[in-house]
Amino acid sequence: MTNDLLDRKLDRAFTHLDADRSGVIDADDIIALGSRLLSALDEPATSPKATLVMGGLVDFWQELFTELDMDRDGKVTPEEYKLGMTRLYAQGGPAYDRSFRPMVRAILTIVDTDGDGVISPEEFHKAQGAFDTELSPADAEALFQRIDADGDGTLTVDELLHAVREYYTGTDEDAPGNLLFGEL
């Protein structure tokens, strides 16, 4: 069972994954997301980081597909996505740490474009572009500041992982992670 906030967040996340806007998610959409990330962050498709990201996305998709595609038609509908994500992640199951966390960690390695171990506001804004959030630099900066738990002007992988977990599992209306892809 979900609540309105979690439903809205999962609906938004579904639209980010449905790259071709077909109304369903399939393997091509996941590859397109990876390609958008690499392009937005100027990461060469043949780099070790790109290989890690694409591998993480493929592994995530295989697990997600196995768990979410209830009718086994090779596609995940919005309803299948919402029900499955709630079952697998929002209810605190081991699937988050097994599949979602490694995929997010891999993505964050390319978001850290200068390799300094933290995400700057500029890197955060570039990543937002890959997810088609259409945030202005000022709006991205405001969201960044809310997610920056220690207020040091950078985001660590752990801060971002915490925000991602809040986004996909949390029901607290005031949680900073709700803002991961912009205001709801």
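Reader: Let's start with Asp 18: how far away is the nearest side chain of opposite charge, and which residue is that?

Author: Keep in mind that this is a predicted model. The nearest side chain of opposite charge to Asp 18 is Arg 21, 5.5 Å away. Asp 18 has no salt bridge, yet the residue is buried.

Reader: Where does Asp 18 lie, and what does it touch?

Author: Asp 18 lies in the loop between H1 and helix H2, which covers 27-40. Leaving out residues up to four places away in sequence, Asp 18 touches Gly 23, Val 24, Ile 25 and Asp 29.

Reader: OK, so how many salt bridges does the count come to?

Author: The count comes to 3. One of the bridges pairs the side chains of Asp 4 and Arg 8, at 3.3 Å from N to O. Both residues lie in helix H1 (residues 4-17), 4 residues apart, about one turn of the helix.

Reader: What else does the Arg 8 side chain meet in a salt bridge?

Author: Glu 173, at 3.5 Å from N to O. That pair links distant parts of the chain, with Glu 173 in the segment after H8 and Arg 8 in helix H1, 165 residues apart.

Reader: And which residue does Lys 82 pair with?

Author: Lys 82 meets Asp 11 in a salt bridge, 3.1 Å from N to O. This pair also links distant parts of the chain: Lys 82 is in helix H4 (residues 78-90) and Asp 11 is in helix H1, 71 residues apart. Lys 82 is buried at 17% relative accessible area, while Asp 11 counts as partly exposed at 35%.

Reader: Switching to Lys 75: where is it found, and what does it touch?

Author: Lys 75 is found in the loop between helix H3 (48-68) and H4. Lys 75 is partly exposed, at 37% relative accessible area. Its contacts, not counting residues up to four places away in sequence, are Val 24, Ile 25, Asp 26, Phe 65, Asp 69 and Glu 80. Lys 75 and Asp 26 are 49 residues apart in sequence, but their C-alpha atoms are 4.9 Å apart in space.

Reader: Now the largest nonpolar core. Which residues touch the most other members?

Author: Tyr 81, Met 85, Phe 100 and Tyr 168, out of 53 residues in that core. H1, H2, H3, H4, H5 (95-111), H6 (121-130), H7 (137-147) and H8 each supply at least two residues. The largest share, 9 residues, comes from H5.

Reader: Last one: which residues of H8 are buried?

Author: Glu 159, Leu 160, Leu 161, Ala 163, Val 164, Glu 166, Tyr 167, Tyr 168 and Thr 169. As for its length, the 13 residues of H8 (residues 157-169) should span 18 Å at 1.5 Å a residue, and the end C-alpha atoms are 18 Å apart, which agrees.

Key
Residues are numbered from 1 along each chain as its sequence is written. This is a predicted model: local features need pLDDT of at least 70, side-chain atom pairs count only at pLDDT 80 or more; totals for chains, interfaces and linings use all residues. Side-chain values use heavy atoms; hydrogens and water are left out. The expected span of a helix is 1.5 Å times one less than its number of residues. Buried means under 20% relative accessible area, exposed over 50%, partly exposed in between (1.4 Å probe, protein chains only). A salt bridge is a side-chain nitrogen of Lys or Arg within 4 Å of a carboxyl oxygen of Asp or Glu. Contact means heavy atoms within 4.5 Å. Lys and Arg count as positive and Asp and Glu as negative; His and the chain ends are not counted. A nonpolar core is a set of buried Ala, Val, Leu, Ile, Met, Phe, Trp, Tyr and Cys residues joined through side-chain atoms within 4.5 Å.
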